[in-house]
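Hi everyone, thanks for coming. Please bring up the sequence and the model on your screens, and we'll walk through a few spots together.

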Amino acid sequence: MKNLQTLITAGGFALASGGLAIPAKAADFGPANPFYAPSRLPFQAPPFDKLKDSDYQPAIEAGMAEELREMDAISRNPAAPTFENTLVAMEKTGRLLGRALAAFDAVSEADTNPTLQAAKTELAPKLAAHEDEIYLNAKLFNRVETVFQKRESLHLDPESMRLVEVVYDRFVHAGAKLSDADKVRLKQLNEEASALSDAFTNKLLDATKQGAYETSDPSLLAGLSEAQIAAAAAAAKGRGVPGYVIALQNTTQQPALSQLTDRAARAALFQNSWLRAERGDLNDTRATLARLAQLRAQRAALLGFASHAAWKLEDQMAKTPEAALQFMDALVPLATAKSASEAAGIQALIDAQKGGFTLQAWDWDFYAGQVRKAKYDIDQNEVKPYFELDNVLENGVFHAAHLLYGISFKERRDIPVYQADVRVFEVDDVSGKPLALFYGDYFKRDNKNGGAWMSQFVGQSKLLKTLPVVYNVANLPKPAPGQPALISFNDVITMFHEFGHALHGMFSNVEYPSLSGTSTARDFVEFPSQFNEHWAMYPSVFNHYARHHVSGEPMPAALAEKIMRAKNFNEGYALTELLAAAELDMQWHVLPADAPLQDPDAFEKQALAKTHLDIAAVPPRYRSSYFSHIWGGGYSAGYYAYLWTQMLADDGYQWFDDHGGLTRANGDRFRQMVLSRGNTQELGKMYSDWRGAAPTVDAMMKYRGLRPE
Ligand SMILES: [Zn+2]
């Protein structure tokens, strides 16, 4: 899930931010703006049928002003601070901002255009300033601190106690205890950081589009299927250029590299990806990210921390950069030994074919595919006809959730969407009572950011009487009109992953918006999603969705068995490229404030060498210059969390395995003790209360096939 921390803002004041006195465009905001009043649609779904691009910015600016007025009223309350008149009152603020920003975040990430991009650029520093205005409001903090100090004597229920502690910590973390002069400096740093982050995202979006591989020579596309070549021709036509276009995905490796037979074409496509944001033009991100890293270190120093990473990890499950680094360092030897043995197998194949060259990054997927075929005899073109997107969604992803938790789904064609390909489903609980709305936006578009993510339009809260409205976004290839969307098994896993986040949002059953659903620590939030991936491979689920898109026949048992046997194929590469990206992230963010401005290429090389991950054939999953999670999204000093939560996911699945596997009883217990609880408990305790023990890496090593054979 991408941009979790910034996207999940709806409801409560938690991550919104207080600003500038009079919003410049507040005058444009009035009853004609669809955000003016809460949506009257079912579940308060956003009225996309009425929203114009020009509605978002005035509503967001008016929402910031409204929230500041509300916070100001709380801080000036003549009555002595109480839990109700301070903490609960704060939870009720920012409703307009919440609904406008949630809808804006969705469209500006998944269906953007120049108007929305311009609004985003203008709003970024204002939102950062708004957040500062609230967290640096001394009167407000004094009230929170007063309640915090006497919390033990207030006889609060556990969730309310948690709210007091979490909100107090957020204020301190944001600088509430700084001197007035330091608060001014902090505001400047926050605004600059936010503007740089937004600049990075905009540059990268353009750079990724510009970086597409273009050719007019169809012989260079040898290896692609006829349908893929037709899609490349259609993409070229869509862009008004001759020939063929293969658009870039946001990762270093590109899907077509597994198929292109022409080595020079592979090298060219790879270079386009590797250098997409390092061309010395307006879309070059290096100066932006170097300054951003420096500025983050300076901000951490101001707040009393040794580094940005130390500041970021204080409220995480890992708690310190050292703990995260130690966890990763322990995985490096296992991962690199496995990827080295995979590389040796690939080189042997190249040599057997008298290739006469040394394996490079752009060869890896092409030859790994052949090794896979030789070893397991699986051809993706043989597999994909069994994974038709809509069928995978309804008979796989939804079906697993139905079996585990008893929930059911019905499509709602009456709910307006922001783009015609988006589908909406009502999710009903076991009792038949409506539980949530779920939107799925699965196809790649040029005006959509890369990757896949979950977020929400409305967050669950008993206090606000709101039910969750959540969405999943992905970048799966859109078929030509009339053709089925056939996806890879990896894409199937992505759908289960994002839906795991969706379940975490939809099952939320808490009082306060600040503690709701996925508003947990980064190194916990990927646990429900990675855990949910396991069900894609569970036999009774797999056999239900893996059916031929024409004949409806189940996948032949021999092929299904091969997929299961092959699931850990290339795991050394996959883990090594993730570790390299996670180490890069952490190395950038443990820099102290007095470190000089870095040259990103030199820094990257040295950081990878230091962690024994400088392996030419296994480059990082994201390079610094296109690592949008850490520069544009909320994952700075947090990419390790994917691996940390993998440990939780596998360890957690082991519990199911030990207790009878996929049963309603197991599902209900997990929902009750984990998925419904948001951030209402200390997360390590929540986990071990459910699991019966603290997590270990044993199950992770087993499921990833990393134990020496
Ligand atoms: Zn995720």
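Let's begin with a definition: a charge sits over a ring if NZ of Lys or CZ of Arg is within 6 Å of the ring centre and within 35 degrees of the ring normal. With that in hand, find Arg263, which lies over the face of Phe357 at 3.7 Å from the ring centre. Arg151 is placed over the face of Phe148, at 4.0 Å from the ring centre.

A quick word on where this comes from. This is a predicted model, where local features need pLDDT of at least 70, side-chain atom pairs count only at pLDDT 80 or more, and totals for chains, interfaces and linings use all residues. Residues are numbered from 1 along each chain as its sequence is written, and side-chain values use heavy atoms, with hydrogens and water left out.

Now, rings beside rings. Rings of Phe, Tyr and Trp (its six-membered ring) pair if their centres lie within 6.5 Å; planes under 30 degrees apart count as stacked, over 60 as edge-to-face and the rest as tilted. How many aromatic pairs does the structure hold? There are 58. Take Phe327 and Trp644: their ring centres are 5.2 Å apart and their planes are at 65°, so this pair is edge-to-face. Phe327 belongs to helix α13 (residues 321–352) and Trp644 to helix α24 (residues 641–658), so the pair ties together parts 317 residues apart in sequence. Helices here are DSSP runs of H or I with at least four residues, strands are E runs of at least two, and both are numbered from the N terminus.

Phe327 is buried at 11%, and Trp644 counts as buried at 12%.

Next come Phe527 and Trp690, with centres 6.5 Å apart and planes at 45°, so that pair is tilted. Phe527 is in helix α18 (residues 522–533) and Trp690 in helix α26 (residues 683–691), so parts 163 residues apart in sequence are tied together. Both residues are buried, and ring pairs link them into a cluster that also includes Tyr653 and Tyr703.

Last stop: strand β5 (residues 434–443), where nine of the 10 residues are buried. Two strands pair if DSSP finds at least two bridges between them. Six bridges join β5 to strand β4 (residues 423–428), running antiparallel, and six join β5 to strand β7 (residues 469–476), running parallel.

Notes: Buried means under 20% relative accessible area, exposed over 50%, partly exposed in between (1.4 Å probe, protein chains only).
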